[in-house]
Amino acid sequence: MAHRLITGRLVIATHNPGKLAEMRDLLATYGVEAISAGELGLAEPEETGASFRANARIKAEAAAKASNMPAFADDSGLTVDALNGDPGIYSARWAGPDKDFRFAMNKIQSLLIERGAKSAGQRRGHFVSALCVAWPDGLVEEFEATVDGTIVWPPRGTAGFGYDPLFKPDGHDRTFGEMSAEEKHGLPPRGMGLSHRARAFLKLAEACLERR
């Protein structure tokens, strides 16, 4: 089945200001007007999925149904090999109700030390992003991408959000927390499309968007 193009206005199914800013930056090139679920006063659905893709779909479908507009959702997080893939889909929940990612990063470091993971090779991590676009008539498009790297300590940088200061992507000397927004998720030709979210978005854009 052919992919459907995204045009006009799109609901971004997030209440996370960091994700909202990145998604708006990514969509701007394509002339798509984005409004967030938070700005529309939409409730956050319970994320009961067992995967990033399932949770992205839950959020996108709920927002599309509530707004009667196409909706775009991301579910993403950090997986750490030495922690058997944790925090994974629970990445945000590890930060608690106050979204204290300093606490969450300390927890990851403590667990890695408990397991003797001290060398770079023992501290492999991956950022995963699943993107879903849902239309009110039930059509859904899904895309997923990963960026591999190393979990560093102490955290470095104050840019980005979430676990960015903890993650150094392969082939780079700086963490996501030390990179500008354009370096991290800017699309070619200005940026490298480096982040997990940018990589997933490039797949989505190729299928569902027309550059203006």
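Helices (H or I, at least four residues) and strands (E, at least two) are DSSP runs, numbered from the N terminus. The model shown in these views is predicted: local features need pLDDT of at least 70, side-chain atom pairs count only at pLDDT 80 or more, and totals for chains, interfaces and linings use all residues. Residues are numbered from 1 along each chain as its sequence is written, and side-chain values use heavy atoms, with hydrogens and water left out.

View 1. Pro-87 is found in the loop between strand 3 and helix 3. The peptide bond that joins Asp-86 and Pro-87 is cis, with omega about 0°. Asn-84 has its place in the loop between strand 3 and helix 3; although Asn-84 is not a glycine, its phi is positive, at about 60°. With a relative accessible area of 69%, Asn-84 is exposed (exposed means over 50% relative accessible area, buried under 20%, and partly exposed in between, for a 1.4 Å probe and protein chains only).

View 2. Ser-91 lies in helix 3 (residues 91-94) and is buried, its relative accessible area being 4%. Neighbours within four places in sequence aside, Ser-91 is in contact with Gly-77, Leu-78, Phe-101 and Tyr-163, where contact means heavy atoms within 4.5 Å. Lys-99 is found in the loop between helix 3 and helix 4 (101-114). Phi of Lys-99 is near 55°, a positive value in a residue other than glycine, and Lys-99 is exposed at a relative accessible area of 54%.

View 3. Six aromatic pairs are found in a search of the whole structure. Rings of Phe, Tyr and Trp (its six-membered ring) pair if their centres lie within 6.5 Å; planes under 30 degrees apart count as stacked, over 60 as edge-to-face and the rest as tilted. The ring centres of Phe-72 and Phe-201 are 6.3 Å apart and the planes stand at 75°, so this pair is edge-to-face. Because Phe-72 lies in strand 3 (residues 71-80) and Phe-201 in helix 6 (residues 196-208), the pair ties together parts that are 129 residues apart in sequence. Phe-72 is buried at 2% relative accessibility, and Phe-201 is buried with a relative accessible area of 1%. Tyr-30, Phe-72 and Phe-201 belong to one aromatic cluster.

**View 4. Tilted pair of Phe-167 and Phe-176.** The ring centres of Phe-167 and Phe-176 lie 5.4 Å apart with the planes at 45°, so the pair is tilted. Both Phe-167 and Phe-176 are buried.

**View 5. Charged side chains over tryptophan rings.** The charged end of Lys-107 sits over the ring of Trp-94, at 4.1 Å from its centre. Arg-4 lies over the face of Trp-135, 5.3 Å from the ring centre. A charge sits over a ring if NZ of Lys or CZ of Arg is within 6 Å of the ring centre and within 35 degrees of the ring normal.

**View 6. Nonpolar cores and the surroundings of Phe-201.** A nonpolar core is a set of buried Ala, Val, Leu, Ile, Met, Phe, Trp, Tyr and Cys residues joined through side-chain atoms within 4.5 Å. The largest such core has 26 residues, and those with the most contacts inside it are Ile-6, Leu-27, Phe-72, Phe-201, Leu-204 and Leu-209. Two or more residues of this core come from each of strand 1 (9-12), helix 1 (17-28), strand 4 (124-134), strand 5 (140-151) and helix 6; helix 6 gives the most, with seven residues. Beyond its neighbours within four places in sequence, Phe-201 is in contact with Leu-26, Leu-27, Tyr-30, Phe-72, Leu-131, Leu-187 and Leu-209. A second, separate core of 20 residues includes Leu-112, Ala-117, Ile-151 and Tyr-163.

**View 7. Cis peptide bond between Trp-153 and Pro-154.** Omega is near 0° for the peptide bond from Trp-153 to Pro-154, which is cis. Pro-154 has its place in the loop between strand 5 and strand 6 (167-169).
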